Amino acid sequence: MKRICLVLLLAANSLCFGTYDFLPTNLDYDDSITSPEKFFAFKIGDRHLQHYQIVAYCKYLAEESDRVQWVEYGETHGNRSLGQLLISSPENLANRDQIQKQHLLLQDPEESSRLNLKKMPIVINLNYSVHGNEASGANASQLIAYYLAAAQSAEIEELLNSSIILLDPVLNPDGLDRFANWTNSNVGKNPNPDPNTREHKEGWPNGRTNYYLFDLNRDWMLLTQPESRGRIKQYHRWLPNFVLDFHEMGTDATYFFQLGVPSRSHPLIPKNVYELTQRVSLYFAEALDKKNSLYFTQEKFDDFYMGKGSTISDLKGAIGILFEQASARGIIQDGDNGPVSFKFAISNQVAVSLSVLKGASEMRLQFLQHTKQFYIDSLKEAGKQPFSGYRFSSGSDPARANGFVDVLRHHDIEVLQIADEDAWYIPLEQPQYKYLEALVEQRKEFEESIFYDITAWTLPLAYNLEWEKLKKAPKLKEHSQKSVVLEQSQKGYVFDWSDLNAPKVLLNLQQAGVRVKIAKQPFVLDKHEFGYGSVFIPLMQQPEKADIVYSIMQKAANLEEVSVASVSSFLTGKGIDLGSDSFATIEKPKILLAATSGVDTYTTGSVWHLLDAVYDFPVTIVEPRQLERINIDDYTALILPGAEKGVYPPSLVQKLRDWVKQGGSLICLGSTSKWAIENELVSLSLIEVEEKVPAPVRPFVKARDDKALQDIKGAIFNTQIDISHPLTYGYKQDTLPVFLNRTDFLSRTESPYQTPLVYTENPLLAGYASDENLKRLPGAAAVAVETQGQGAIILFGHHPTFRAYWKGTEKLLLNAILFGQLMNPEN
């Protein structure tokens with residue numbers, strides 16, 4: 001009865017359901033500019049806007065208003081357009097190219113000394129809803145766009161004359177539409193605030209992530225997704241001074257704005273970032289106080305991981321601010337602080353957005369001076385280093401190094417080819433020096449040991465690069481590499497499995513019906529060393545495939561950067577000959593991937609993306625409950641990402657065991673490795689945690705922090721590898737960096753031959769791990785294999801595809817998929 005009365009009371013409350021004055025009412029608005037309510041034919045907050053509606057309104061505003069332009073910068077995996085509104089005075093927009101060019105001079109100390117900052121506009125970047133189910137930002141963006149296009153006042157004129165506003169209405173179109181479809185389809189005529197109603201129990205996958213289930217707010221640095229790559233290009237076209245990132249958090253929260261936890265900020269961030277953040281945050285507080293909206297700051301969130309929307313800008317000469325609004329996750333939902341309506345959430349985002357614009361306008365000169373000084377200080381710091389730059393390469397596999405080069409160039413970091421070798425050079429003295437240091441650092445010492453996100457991300461380790469500092473700049477290559485012309489063979493071709501794109505070439509061949517063989521021993525052909533796992537395509541028994549194979553091989557040698565050799569004789573210079581029975585024929589993979597609510601979404605997404613989007617491997621996605629019902633005999637590999645307890649039922653064990661014995665490859669990731677052990681699917685074990693003597697008495701308030709100290713949120717460790725094992729085919733060095741974000745460590749196998757990756761004696765390369773975990777980890781298995789019958793069960797004790805940028809370890813997963821039947825040494 002109490003709940004019914006509350007709902008009836010709220011129904012009469014304009015805060016939740018009635019009219020709502022999101023924008024200032026003491027202003028005139030241009031009647032020739034169409035309002036969101038008129039354009040959409042409903043009031044903002046009554047329903048959740050979809051991406052196509054948002055884009056349509058943005059384009060409409062650009063046609064109606066001479067203050068607004070629409071700029072598209074990319075497309076999502078789901079073929080939805082990515083774009084920004086460029087908003088300023090008509091005069092500024094008419095001189096856009098000149099203003100843009102002048103603004104970029106702020107990163108050049110020689111040029112910036114001649115700039116008159118008092119006459120320069122500030123560049124403000126408003127970013128909304130990078131997480132698609134945090135939709136109040138995207139819906140609020142339409143009101144802010146209308147306000148800037150239509151409001152009439154001297155204050156607005158001053159803002160537009162002194163600002164270039166880049167308004168990105170929705171950073172994650174695919175996720176936003178997934179969420180809008182859900183909530184619009186499940187809300188009733190009378191919105192229900194009960195948290196248990198279906199509207200508030202979003203189905204899997206939810207709208208937080210993009211098409212391939214990536215958290216785009218963690219991809220600003222890594223740039224694995226099209227949204228991020230388009231966005232960072234647009235970012236560098238302007239180098240904004242003030243970057244705002246609008247999010248939502250749990251319904252029981254209030255409103256958050258930075259500063260976050262001061263002790264958890266990254267040491268590379270200049271002190272002035274925090275000083276300006278504190279000053280400008282007073283505008284946000286004033287706006288929320290005026291609305292009587294609760295808020296908090298300097299808690300929970302931090303500025304350590306340098307790959308989020310609110311942190312990346314701190315090392316690119318700007319001030320980045322994170323905003324978090326309590327979410328209705330629908331139209332209205334009960335929370336600890338009372339009911340939270342979608343309209344209320346939107347109104348807070350609008351109020352804070354307007355306070356951002358006010359603060360930026362009034363602090364314009366301070367922001368411009370900060371950007372100018374940031375680049376002066378950055379170049380001075382680079383010049384004081386005892387070395388000139390970094391040299392890196394990826395050995396015989398240029399694709400990994402080239403992938404890293406692509407990331408660097410997207411971040412506007414200069415990188416140059418070295419003459420007379422397949423290597424690259426990054427000079428230190430360049431505008432993006434600070435962000436370069438963030439990309440490559442190997443930090444192991446921390447002021448604070450509790451983190452909101454991962455503690456290490458070192459890209460050279462993730463790409464498994466050869467890396468060194470150079471005191472002097474090397475001689476640089478003047479011309480680009482010529483294309484490879486491959487000699488056509490009637491006998492066959494060989495290509496090296498160590499190359500990053502070799503699996504894609506293999507699948508292209510198998511899709512074309514070509515038989516291929518895998519080398520279980522190394523050999524030398526035409527003075528090139530082909531290692532374990534190298535691929536031989538014999539043409540003698542399939543001469544009808546000669547032309548298609550040559551076409552694929554020619555493309556592999558050029559576009560895919562794979563080392564290919566034409567076979568003129570089956571006699572090799574060293575090692576096994578091409579007619580040896582140490583070559584094994586492998587079948588075309590047919591892959592199952594388990595995915596559902598309760599399964600690790602991010603791991604599922606990174607695996608699906610790797611197989612489908614990167615390597616063009618077909619993959620069948622099934623829910624775990626389907627595995628008990630469907631016939632899996634025709635599938636060659638099954639991948640089980642980590643999951644909550646109960647998602648994979650114990651009754652599945654015998655079916656999986658029988659399937660593996662027939663030749664299947666069962667791949668367990670994350671917590672599923674522990675599930676396989678606990679359900680006796682394998683005879684392996686976990687390394688036990690030592691029993692502790694009773695702990696000393698500690699303050700109750702420290703309990704959560706003390707537990708967090710024992711977590712591995714994400715750090716990088718070194719492993720010793722056996723390059724002869726099929727799981728490690730393609731690797732040529734004896735150590736390999738891996739990413740770990742778990743503390744249930746795998747014991748080595750009883751068989752001395754089935755632990756192909758073992759953590760080294762001093763394994764920590766970058767990031768934080770407690771002393772207790774560092775004592776347990778040496779000698780533990782990073783991967784453990786148990787063969788059963790003709791197949792194998794592969795347990796991963798690390799994350800081989802973390803956030804899609806671990807190019808150095810993704811091949812381990814591909815080998816597990818492809819080579820399970822080769823892992824029994826008796827076969």
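The model is predicted, so local features need pLDDT of at least 70 and side-chain atom pairs count only at pLDDT 80 or more, while totals for chains, interfaces and linings use all residues. Residues are numbered from 1 along each chain as its sequence is written, and side-chain values use heavy atoms, with hydrogens and water left out.

**Buried residues**

- Cys58 lies in helix H3 (residues 51-64); helices are DSSP runs of H or I with at least four residues, strands are runs of E with at least two, and both are numbered from the N terminus.
- Cys58 counts as buried, at 0% relative accessibility; buried means under 20% relative accessible area, exposed over 50%, and partly exposed in between (1.4 Å probe, protein chains only).
- Beyond its neighbours within four places in sequence, Cys58 is in contact with Trp70, Leu85, Gln142 and Pro169, where contact means heavy atoms within 4.5 Å.
- Trp70 is 12 residues from Cys58 along the chain, and their C-alpha atoms are separated by 6.8 Å.
- Asn127 belongs to strand E4 (residues 122-128) and is buried, with a relative accessible area of 1%.
- Not counting residues up to four places away in sequence, Asn127 touches Asp168, Leu171, Trp220, Val243, Leu244, Asp245 and Phe246.

**An enclosed helix**

- Helix H25 (residues 810-818) is largely enclosed by the rest of the structure, because 9 of its 9 residues are buried.
- The buried residues of H25 include the charged Glu810 and Lys811, and also Asn815 and Leu818.

**Residues in loops**

- Thr209 sits in the loop between helix H9 (173-186) and helix H10 (226-238) and is buried, with a relative accessible area of 3%.
- Leaving aside neighbours within four places in sequence, the contacts of Thr209 include Asn172, Arg178, Thr601 and Tyr602.
- Glu448 is found in the loop between helix H15 (433-440) and helix H16 (459-462).
- Glu448 is in contact with Ser263 and Arg264, its neighbours within four places in sequence left aside.
- The C-alpha atoms of Glu448 and Pro522 are separated by 48 Å, and the two residues are 74 apart along the chain.

**A charged surface patch**

- Glu155, Glu286, Asp289 and Glu362 gather in a patch of negative charge on the surface; such a patch joins like charges within 9 Å, from residues with over 30% relative accessible area and no salt bridge.
- A salt bridge is a side-chain nitrogen of Lys or Arg within 4 Å of a carboxyl oxygen of Asp or Glu.
- Glu286 lies in helix H11 (residues 271-291) and is partly exposed, with a relative accessible area of 46%.

Technical notes
Patches are made of residues with over 30% relative accessible area and no salt bridge: like charges are joined within 9 Å, nonpolar side chains (Val, Leu, Ile, Met, Phe, Trp, Tyr) within 5 Å. Accessible areas come from the Shrake-Rupley method with a 1.4 Å probe; for residues, only the protein chains shown count as cover. The place of a charge is taken as NZ of Lys, CZ of Arg, CG of Asp or CD of Glu.
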